[in-house]
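Please keep the sequence and the model in view throughout.

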Amino acid sequence: MYTKLNIGWSSRGVQCDEATSPPLEKEMYIRKESQIIVALALVALVAAAPVEKESPKIIRSEYDQQSNGAYSYQFESEDGISKSEVAEVKEVLDEDNKPQLILVIRGSFSYPRNDGGVETINYVADENGFRAEGPSIPQPPAPASK
């Protein structure tokens with residue numbers, strides 16, 4: 001199946017009609033089959049687009065909240081990521097020696113490294129700030145001995 005288009009150039013610009021008048025300077029045939037091929041090529045491009053990776057499933061998740069604000073939770077996903085954390089209420093004295101309640105949080109998380117090993121980071125957050133330890137956490141240099 002073809003559609004015949006007559007395309008011509010003149011001093012009035014480009015003229016185009018569907019074979020109702022005699023051809024001007026050039027004829028052009030557009031095949032419907034070529035339109036289908038272009039459409040199929042576009043469908044193939046869309047089908048070849050990268051598919052988003054599905055999020056890993058959570059295989060374990062536990063949470064326990066206490067009335068005083070303390071809590072504990074842990075989770076693990078099917079891709080090897082895990083985390084556990086415990087928060088306890090502690091009374092400390094502020095700079096005016098007034099008692100204040102704070103949460104002392106201790107926890108760890110693990111994830112698979114690209115080299116196949118597992119990275120584990122342990123941390124504590126308390127009145128002294130946040131401290132983390134693990135193989136990838138830089139450590140301050142040891143004090144020089146005299």
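**Strand pairing and charged side chains**

Student: Which residue is the bridge partner of Glu85 in strand 7?

Tutor: The model is predicted, so local features need pLDDT of at least 70 and side-chain atom pairs count only at pLDDT 80 or more, whereas totals for chains, interfaces and linings use all residues. Residues are numbered from 1 along each chain as its sequence is written, and side-chain values use heavy atoms, with hydrogens and water left out. Strands are DSSP runs of E, at least two residues in length, numbered from the N terminus; two of them pair if DSSP finds at least two bridges between them. Strand 6 (residues 82-93) pairs in the antiparallel sense with strand 7 (residues 99-112) over 12 bridges, and there the partner of Glu85 is Gly107.

Student: Which residue stands opposite Glu85 of strand 6 in strand 5?

Tutor: Strand 5 (residues 71-77) is antiparallel to strand 6, with 6 bridges between the two. Four residues separate them in a hairpin, where Gly80 in the turn has a positive phi of about 95°. The residue opposite Glu85 is Tyr73.

Student: Which residue in the turn between strand 6 and strand 7 has a positive phi?

Tutor: These two strands form a hairpin with 5 residues between them. The positive phi, of about 60°, belongs to Asn97.

Student: Is Glu85 buried or exposed?

Tutor: The side chain of Glu85 meets that of Lys83 in a salt bridge at 3.9 Å, N to O, the term requiring a side-chain nitrogen of Lys or Arg within 4 Å of a carboxyl oxygen of Asp or Glu. Buried means under 20% relative accessible area, exposed over 50% and partly exposed in between (1.4 Å probe, protein chains only). Lys83 is partly exposed because its relative accessible area is 25%. Glu85 has a value of 9% and is therefore buried.

Student: How far apart are the closest N and O atoms of Asp126 and Arg131?

Tutor: Asp126 counts as buried because its relative accessibility is 17%, while Arg131, at 37%, counts as partly exposed. Their salt bridge is one of 7 in the structure. The closest N and O atoms are separated by 3.0 Å.

Student: What is the bridge partner of Ser108 in strand 8?

Tutor: Strand 7 and strand 8 (residues 118-126) run antiparallel and are joined by 8 bridges. They form a hairpin with 5 residues between them, and Gly116 in that turn has a positive phi of about 95°. Within this pairing, the partner of Ser108 is Asn122.

Student: Which residue of strand 9 is the bridge partner of Asn122?

Tutor: Strand 8 and strand 9 are antiparallel and share 5 bridges, with a hairpin of 2 residues joining them. Strand 9 spans residues 129-133. The partner of Asn122 there is Glu133.
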